[in-house]
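Subject: Structure handover

Hello,

My notes follow below it.

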Amino acid sequence: MSNDNLSDNTPAAYESHVPAHREAEPIADPGLPPHTWRPTDVDPKAEKRAERQVAAMFIAAMISAVLFVVAYFSFEVGDNWDTFAGLGASTLTLGVTLGVSLLLIGIGIIHLARKLMADAEMVEMRHPAASPQEDRDATVAALNAGLDEAGIGRRPLVRNTMIGAVGVLGLPAVVLLRDLAPGSALDVGRLAHTIWEPGMRLVRDVVGTPILASEIEIGDLINGAPEAMFPTEENGYPELEGAEEQSEKAKGAIIIVRMDPDDIIPAKGREKWTVDGIICYSKICTHVGCPISLYERTTHHVLCPCHQSTFDLADAAKVVFGPAARPLPQLPIKVDEEGYLVAQSDFTEPIGASYWQREKQS
Amino acid sequence: MSTDSRLDTSKIATTNGTSAATTSKPGAAGSLATWADDRLGLAAAMKKNLRKVFPDHWSFMLGEIALWSFVVLLLTGVFLTLWFNPSMGHVTYEGSYDQLRGVGMSESMSSTLHISFDVRGGLLMRQMHHWAAMIFVASMMVHLLRVAFTGAYRKPRELNWVIGCVLLLLGTLEGFTGYSLPDDLLSGTGVRAADGFLKATPVAGAYMSFLLFGGEFPGESIIPRLYIIHVLLIPGILLALIAAHMLLLVYHKHTQWPGPGRTEQNVVGYPMLPVYAAKAGGFFFMVFGVIALMGGLLSINPVWKFGPYDPTKVTAGSQPDWYMGWPDGLLRIMPTGWESVIFGYTISWNVMLPILIVPPLMLVVLMLLPFLEGWITGDKRDHHLLQRPRNAPTRTAVMVALMTFYGLAWAAGGNDIIAIKLHASINQITYFMRVAIFLGPILAFWITRRWCISLQRHDNDKLLHGYETGIITRSPDGAYAERHLPISESAAYTLTARDRDEVFHAGGDTDAAGVAAPNSRSERVRARLSSWMYSNNVQKPTRAELEAAHHHAEHEAELTSGLDHPVDGHQFDDHRLRDTDEVPLRDH
């Protein structure tokens, strides 16, 4: 086998590789064309001219590099990133001077290579990628001798326990990664819950003001958040920080819409989840978790800008288009004694993207 | 090694001096080389490699663009690390950019703004880094196409092809981890989608997400973790693989196009020192210069316009960097509701198929291409001469089909942008793409293969009947015919410098002794594939066919020789048969 491989690379192999129907090449190789001299080789004027051109490019490159330094100290940076043609004067001039300098060096060197360096093509013979057969044989012999002297093959107990020992060493390597999410941070059960709880007010995102049911007009869409994201002394919610704040914010985002109550197709078991046509859903797309945002009030469709999953908010947020598979989870709401919208409970299913054990957690 | 290492340099660079070089006194370079060789012993290797021959062709420069843009990435990247702070710690921005002053954001976003607005040259370096990354991935892809279309991946270069595919994958991941670092609204949206992809992994998905993010999304760990992956882990592997890629290139010697004097056994071109080194080195400066100009003149990833990441916000028209576009497009055209629940466990086909299954599958298919082709042809020879794409019609068509798949998936990733620009319905575009992604590659395959085969016929016509001059002659009996003139010998040789394809035929199911042949089923598959790949190809003419055709052409020429004078007004048209030393035949 290995012998065949080797001989395949010889010229004879190329001729003899193919069975009888192969014949001589239709046209014989005329060989390399003779080398022709360039103007710069035979005309001293052309040679001098090329020399001057190359040097001129190098000199211009130096000038451009000096201009870079001048620009660096002349132009202020700061909040003037669009002073010149939509670009900051500093960035623009630094980029242009640096670019011109580099380009001139590059073009100069290539011009030098093309005009003034020897341009006769050289021929080098190739060698097979494979080593000569005697080298292969010697290597295989050395390998066998080494394995033989090690005696691993004759002592399966030693061999197998050694493989086992090194294999089991994989466990520490894997286990060491466990604390990438230390302790209870790996509790994936948290995906099933958000910060929403019975009686928590729905507030406007960014500003955090509670929402009066009577304020919302038919056709309105409000981006909302749980009141717990805006803790005050008055509402008594604990201050959230860092990672916890971010993840609760990422899960708790909602959209609140009001439509004609007659437009709503009542979903089984959710008859009491709305307030006079006001209906609230998770803002997090069930596809891969982008916040959905584009609302079309006449059709009650809301579209996720990432992958265009479209949900019909009048029909329990059923997916009407795009790759998502599940409706947006609905937040059951009611009004409190002051007329503000509050949650009846947490979401009744995990929000956002699907995952393996989702149904088990719902 | 070199057959004409003693070049006729009599007329070259006379300005360097007119006396011949002598060995009597080693120059400065000589003494330095001696000093180094006493310690490193590199002379044995250098003696071969300093004058190593590299063939020249514009398409060999594509991989060089990738190499040099990687160097630019290292240089600009190091600059950025001097100020960038990969932390998700919350700060209030107090820098120069007015519109975000007083806004809360992560330290990584804040330091990105600092680099952009308060470090001179910082924005330039950021933009150069981003442009260089785009060029890096793009040039790797175009280089890959060049290698595939010319058959350069055949033995002995299959492993270098696999290394190249891994480099493309790593370059893509490097790009993703890089553009996620500023923690702006656009990149944060991408990271959240990536979190969704992880969660779609069966069994361990949710745990993988929690481990990567250090808890629940988004946590405070993801940016520092992506950072170390971006600046150490992936670049380290990239460097090692690029070194291996280059070493194998040097060991195999570069492929070359066939032509007079250029055979499977030699390599014809310029020596590394000085011409190739000068050209490649000069080209580095040019790539660097173009990237610098782009960084100065073309705005890219203006994170200050997106604002800091907020998990409750998103911008319409969110697009990843271009090389991430095609899996995103596949994601977008998945039909509604492809999710199943089996024994209470959720399997999200709508995410798994376009992200976790098809892209890795495409990569595996790509890596296997040279091995599949080698198995079908059974060709064990080394190949150093490139093939024109037309001379491997099926391979070319397969590549074009893959490109079409890629292009359509990529376009689907911009379906929202297309809808806005063309005032079209995004739903209709998506429905169209769902069908086109299957039909497009098939159509592209068929058209490309027929196209290649007719180009092969055209080549044979040129060989047998000459090239079309465009001169119409009228014979005395009134018939019109176009004059054909023979192509030059070197052009004719180049056209015929290719192997004849052989269709593999499986032997019988049983051997002579009546024993079932081993692998007979796989042999039959191989025979069918071989027939599918090669039986429609046009083979080059035989010597006899060529001679017969030339004999015929001479006869024709004799018949029409009396007519060989142009009509009034066309006396100076450049179409007369010329075959003198001063005016060689037209090189068609």
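**A buried alanine, then the rest**

B:Ala444 counts as buried because it has 21 C-beta neighbours inside 10 Å. The cut-offs: a residue is buried if 20 or more other C-beta atoms lie within 10 Å of its own, exposed if 12 or fewer, and partly exposed in between, with C-beta atoms placed from the backbone.

This is a predicted model: local features need pLDDT of at least 70, side-chain atom pairs count only at pLDDT 80 or more, and totals for chains, interfaces and linings use all residues. Residues are numbered from 1 along each chain as its sequence is written, while chains are lettered from A and ligands numbered from 1 in the order in which they are written.

B:Ala444 sits in helix α16 (residues 426-465) of chain B. Helices (H or I, at least four residues) and strands (E, at least two) are DSSP runs, numbered from the N terminus. Leaving aside neighbours within four places in sequence, B:Ala444 contacts B:Val400, B:Ala401 and B:Thr404. Contact means C-beta atoms, placed from the backbone, within 7 Å.

**Between the chains**

Chain A puts 105 residues into the contact, and chain B puts in 116. On the chain A side, helix α5 (residues 89-115) gives the largest share, 17 residues. Strands also cross over. β1 (residues 122-125) of chain A runs antiparallel to β4 (residues 266-271) of chain B, joined by four bridges. Two strands pair if DSSP finds at least two bridges between them. A:Glu124 has B:Val267 as its bridge partner in β4(B).

**Cores**

A nonpolar core is a set of buried Ala, Val, Leu, Ile, Met, Phe, Trp, Tyr and Cys residues joined through C-beta atoms within 7 Å. The largest has 166 residues, and A:Leu202 and B:Ile291 touch the most other members. Helix α5 (residues 122-149) of chain B gives the most to this core, 15 residues. A second, separate core has nine residues, among them A:Val77, B:Met109, B:Leu113 and B:Trp304.

**A covered helix**

Helix α4 (residues 107-118) of chain B is mostly covered, with ten of its twelve residues buried. B:Met109, B:His114 and B:Phe117 are among the buried ones. What covers them? The cover of the buried residues of α4(B) includes α3 (62-81), α5 and α9 (222-252) of chain B.

Regards

Technical notes:
Contact = placed C-beta atoms within 7 Å.
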